[in-house]
Amino acid sequence: MFCPQCGASNADNAVVCVQCGRSLQPAAPAVPQPGYPAAVPQVYVPNYLVFAILVTVLCCLPAGIPAIVYAAQVNGKLQAGDVAGAQAASKNAKMWCWIALGAGIAVFAIYGLLMTVGILSNMHGGR
Amino acid sequence: MTAIDGFRNNWLPAAMMAAAVAALAALCLLDPGQSGLFPPCPLRYLTGWYCPGCGSLRAMHQLLHGNLAAAWALNPMMVLLLPFMMYGTASYALFEIRGNHLPRLFLPAFWIRSVGVAIILFGVARNLPFHPFDLLAPGGMLQP
């Protein structure tokens, strides 16, 4: 389960959140009221939007776009009161962010390697 | 173990923040347009096309030196998105250090999708070689 206060992932039978210490025992389980979807949902599910925009713009557009789409799904499902769906979308958003970051780092690492090889071979040739 | 050691028993945010501070310092001292230290955009390098993020490092360098107009000309989308990104990052950093968040912004899903679409459209538009879209290419607004 995810902590409703800080969003940290906890074991399903956890009593308190491992990160912020909030009680995870449902005092009054949130019942989605049909016909009255909360404008701003009470539960916090991270959507990783800042991370997603950063990796889209700076690292890897093809893997960043799914991250933004899942970030939108997180908030869309929260608006509809579907917390479980929002948490699933949140996991996907996080996964695509890391894929995009990894792809970006890999491309720059390959570029750096090629540059180093190029510089070294130039030095060798210039001697 | 809460805020005693500054960070909430998690090394990753501390490492990320240290990396971000180092990157900002490097960006402030060196102009990515002049220095060979910063890698070029892979898309631009391989295809010659601009990506939506092209110019954003140079734009941030200009912003760190207070030149809003130059930053806007290099990548207007980055300048527009930056306040939101800074708020989100500050909120996250504050949570990792102090354990409490800034008031959360809740963007409706429609607006998040619009941001995604805007990024793609901006990426396409700035590659169109005719007026007025040539203004969107990095530095396009600085051309005579």
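## A tour of the A–B contact and chain B

The contact takes 26 residues from chain A and 24 residues from chain B; two residues are in contact if their C-beta atoms, placed from the backbone, lie within 7 Å. The model is predicted: local features need pLDDT of at least 70, side-chain atom pairs count only at pLDDT 80 or more, and totals for chains, interfaces and linings use all residues. Residues are numbered from 1 along each chain as its sequence is written, and chains are lettered from A and ligands numbered from 1 in the order in which they are written.

**Stop 1: the chain A side of the contact**

Select the side of chain A that touches chain B. α1, α2 and α3 (83-126) of chain A each supply at least two of its residues. Helices (H or I, at least four residues) and strands (E, at least two) are DSSP runs, numbered from the N terminus. α2(A) gives the largest share of this side, ten residues. By class, the side has 19 nonpolar, seven polar and no charged residues. Here Ala, Val, Leu, Ile, Met, Phe, Trp, Tyr, Cys and Pro count as nonpolar, Asp, Glu, Lys and Arg as charged, and the others, Gly among them, as polar.

**Stop 2: α2(A) against α6(B)**

Show these two helices alone. Two packed helices are described by the angle between their axes and the distance between the axes. For α2(A) and α6(B) the angle is about 170° and the axes are 8 Å apart. Axes are lines fitted to C-alpha atoms, for helices over the stretch in contact, and angles run from 0 to 180 degrees between N-to-C directions. The pair is therefore roughly antiparallel (angles under 35 degrees count as roughly parallel, over 145 as roughly antiparallel, 65 to 115 as roughly perpendicular and the rest as oblique).

From α2(A), pick Ile65(A), Ile68(A), Val69(A), Ala71(A), Ala72(A), Gln73(A), Asn75(A), Gly76(A) and Gln79(A); from α6(B), pick Ala109(B), Ile112(B), Arg113(B), Val115(B) and Gly116(B).

**Stop 3: helix α6(B)**

Stay on α6(B), residues 109-125 of chain B. Its 17 residues should span 24 Å at 1.5 Å a residue, and the end C-alpha atoms are 24 Å apart, which agrees; the expected span is 1.5 Å times one less than the number of residues.

Colour the helix by burial. A residue is buried if 20 or more other C-beta atoms lie within 10 Å of its own, exposed if 12 or fewer, and partly exposed in between, with C-beta atoms placed from the backbone. Buried in α6(B) are Ala109(B), Ile112(B), Val115(B), Gly116(B), Ile119(B), Phe122(B) and Gly123(B). Viewed down the helix axis, they fall within an arc of 165°, so they line one face of α6(B); the arc is that of the directions from the helix axis to the C-beta atoms. An α-helix has 3.6 residues a turn, so residues three or four places apart point the same way. On the other side of α6(B), Phe110(B), Trp111(B), Val117(B) and Leu121(B) are exposed.

**Stop 4**

Move to Thr56(A) in helix α1 of chain A. Thr56(A) is buried, with 29 other C-beta atoms within 10 Å. Leaving aside residues up to four places away in sequence, Thr56(A) touches Leu61(A), Gly64(A), Ile65(A), Ala67(A), Ile68(A), Ala100(A) and Ile119(B).

Next select Tyr48(A), in the segment before α1 of chain A. Its phi is near 60°, a positive value in a residue other than glycine. Tyr48(A) counts as buried, with 24 C-beta neighbours inside 10 Å.

**Stop 5: the rest of chain B**

Chain B has six helices and zero strands. Of its 144 residues, 23% count as buried.

Select α3(B), residues 56-64. Seven of its nine residues are buried, so α3(B) is largely enclosed by the rest of the structure. The cover over those buried residues includes α1 of chain A together with α1 (11-29), α4 (68-74) and α5 of chain B. Just after α3(B), Gly66(B) takes a positive phi of about 85°.

In helix α5 of chain B, find Ala93(B). With 15 C-beta neighbours inside 10 Å, Ala93(B) counts as partly exposed. Ala93(B) and Pro13(B) are 80 residues apart in sequence, but their C-alpha atoms are 7.6 Å apart in space.

End at Pro132(B), in the segment after α6 of chain B. The peptide bond from His131(B) to Pro132(B) is cis, with omega near 0°.
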